[in-house]
Amino acid sequence: MGTSQSREDRITDSESEEEYDEEEEQEEEQYDDASSDHQNAQSSSSTSSGTGKSIDDIDVKLKSLKLKYNSPQQSSPNLKNPVKLYLHIGGNTPKAKWVISEKLTSYSFTKKNDDDDDDSCWFLEVGSKVKARVSTEMQLKMFGDQKRVDFVDKAVWALKFLTDEEYRNFVTQFQNCLFENVYGMEASEENKVKVYGKEFIGWAKPEAADDSMWEDAEDRSLDSTPVKRSQELMEEFEEAANGGVQSLALGALDNSFLVNDSGVQVYRNFNRGINAKGICVKFDAGGSRIGGNSSNSTPKKALLMRAETNMMLMSPANEGKPNATGLKQVDIETGKIVTEWKFEKDGVDVTMRDITNDTKGSQLDPSESTFLGLDDNRLCQWDMRDRKGMVQNIATSDSPVLHWTQGHQFSRGTNFQCFASTGDGSIVVGSLDGKIRLYSKTSMRQAKTAFPGLGSPITHVDVTYDGKWVLGTTDTYLILICTLFTDKDGKTKTGFGGRMGNKIPAPRLLKLTPLDSHLAGNNNKFHGGHFSWVTENGKQERHLVATVGKFSVIWDFQQVKNSAHECYRNQQGLKSCYCYKIVLKDESIIESRFMHDNFAVSNSPEAPLVVATPMKVSSISLSGRR
C-alpha cells in the first residue's frame, strides 16, 4: 500500500532545453507508463517536486543579468498567443521534475473533425508537441497566481503565460470551447440559459451564484472532526479475497460480505476494519445454494436486508449490460437461497439495472420487506409480500413475482443510470445526460428538483443521511451539490421537499491533479463516489471517497465545503478541490467504502476504509497511530 497527498508544485526551469533533449529518449517510457513509477514510490505523503526557486525568481535574475531575451514579444514580434511549454517527467519517483519542452511557442484553438467522430470539435494545439481534443479528460488545472495551467495529453504538460491577461484569455477560450464540444452549441449567454435554465445560471456563472448555503453549512457541521495534516493513513488488515471480486456489501452490525466469482465471503466487522471469518458460501449448479441454472453470470450487486440476515443478489441477464430480470434472496445464516424473484409489472416481465434499500438505514430493520428498483426509464418500489400484505408462500410458487407497490414508467429518454436514498426515503437519481433528479419520499412520478448537470454521464450517485448534500460521480470528476434553499417563508428546506428557487448554490467539483490522473493508469476513470456512512439524525458525514484506477481518493468533507479553502483561490469557473489523500494498491480497485460510523474509534476522525481489489481486501485506518 502507498499513501499520497495531492500537491501543487511550482515549476522550476533550472534544467536547460538541451538537457531535456538528451534525456527525452531515455525518459519516454517513464511517462508512457507513469503508473508503474507511482507504484514503486515510497509509502509516504508526497511533497512538492519543485525544490528549486520558482520560475518567476529565475526570470527576474536572468533579466537583470541580460542573459535572457528582454521580452518574448520583442524576439518574436509576430508570435500570436505566446507561451512557455513544460513537460513533467519521472512520474512520482525522486527524479520527477518539470523540464522545458519549448522555451517559447504559441497555442491555438482550432476546430476540426475528430478521428473518432464525424462532427467537428475544438482542439488545443501547442507548437508541434500538443494536439488535444478540448474535454474534461484533459483534467485542466488552473494556477492563477502563477499564470499557468497544467493538463494531460498522453503526458503531463504545463503552459506558462507571459501576462495575466493572456492567462485569463486562455482560460475563457478553453471553457467556451469545452461548452461547445459538450453541448454542440456556441457558448453564448442565450445558449447557457437554454442548457442550464434561468434557475441554474449560477452553474454557468459561478461568480454570480449564491454561496451562502455553503457557508451556513460550515457552521452547522459541528460534529465533523477533520483529519489533521500530520495524520497518515495506515493499513490495518490485508487479506486474500479468493479472486474475482465483483462487489462489496458492508454491514453495520456484525458482518460484511464480498461477492466474488466463486461465492460470498463473510467478514467480521471490527473497529480496525474487516477480518475474514473463514466462511464462504459457494456458488454451485444445484440451485440449493447460491447460483443455480437460472443465471450463469456472477452477481454484480449485493443488497443487505432484514437486519442484515438476508441478502439480495442481482445478476445481469446479458453479458455487458447491468439490467437483470430478477434476483435471488439468500438467507445468510444458512447460506441457502430462500427464493428467486422475478421483476414483473401488469403481467409483463421487466428489467432492473439497480436496486437499493428504501432508506439509508433500512437494512437494519428486521421487518424490511420492500426495496427500491431502477431501470433506464423506471423508478419503483418492490414488495416481497403479496397484495394483501402477507409474505408470499414460496413453496406453492415456482417463480414468485415481486409486487410493484409504487413507481412510474417514464417516457423514453430519461436514461437513468444510478440512484440512492436518504435517511427519510427521499431518492436521488443520476442520468446518462448528467442530470441529477431529486424525488420526495411520497412521489416517484415527478422530480421536485432536477439539476442540469455539466454534460458528463452520472455513473454513480450518493446522498447524505439528511439529504442536504448529493455526490455525483462522472468519469473525470465528482460533483458535490448542496440541496439547501430558503423558501418564500424564510424556511430552509432541501430540494427533495420543494422546488428550489432562483438562489441555487453552484456545485463544487472534486478532481485529481493532472499528474495524479496520469499516474492512476490507463483505466483512470472515477467510479463509486461515496460519503462516509451514518444512519442517525444529527450526525454529519466527515469524508468522501472515490476510486480511480489503482487509487482510492479521500477528501475531507468539511474542507471541501469551506469557501475560503486555499484550493479555491485564483480559480475561474466552478470551484474545484484538489486536496485529498490517496491509498495506492497494486491492482485496479473494485470498490472503496467507509464502514459504518459505529466502528469509528475515539481517537479517529472516521470509521475504517475498506478497499477491495479483484484479489485482496484491505482495511485502512485514518487514525494514523494506534
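Does Phe551 count as buried or exposed?

Analyst: This is a predicted model, in which local features need pLDDT of at least 70 and side-chain atom pairs count only at pLDDT 80 or more, while totals for chains, interfaces and linings use all residues. Residues are numbered from 1 along each chain as its sequence is written, and side-chain values use heavy atoms, with hydrogens and water left out.

Phe551 counts as buried, because its relative accessibility is 1%; buried means under 20% relative accessible area, exposed over 50%, and partly exposed in between, with a 1.4 Å probe and protein chains only. The residue belongs to strand 36 (residues 551-556), a strand being a DSSP run of E of at least two residues, numbered from the N terminus. Val611 is 60 residues apart from Phe551 along the chain, and their C-alpha atoms are separated by 9.7 Å.

Gln363 is also buried, at 7% relative accessible area, but sits in the loop between strand 20 (354-357) and strand 21 (370-375). Leaving aside neighbours within four places in sequence, its contacts (heavy atoms within 4.5 Å) include Leu304, Met305, Glu308 and Trp533. The side chains of Gln363 and Glu308 make a polar contact at 2.6 Å. Such a contact is a pair of N or O atoms within 3.5 Å; within protein, one must be able to donate a hydrogen and the other to accept it, and residues adjacent in sequence count only if both atoms are side-chain atoms.

Notes. Helix = DSSP H or I, 4+ residues; strand = E, 2+ residues; numbered from the N terminus.
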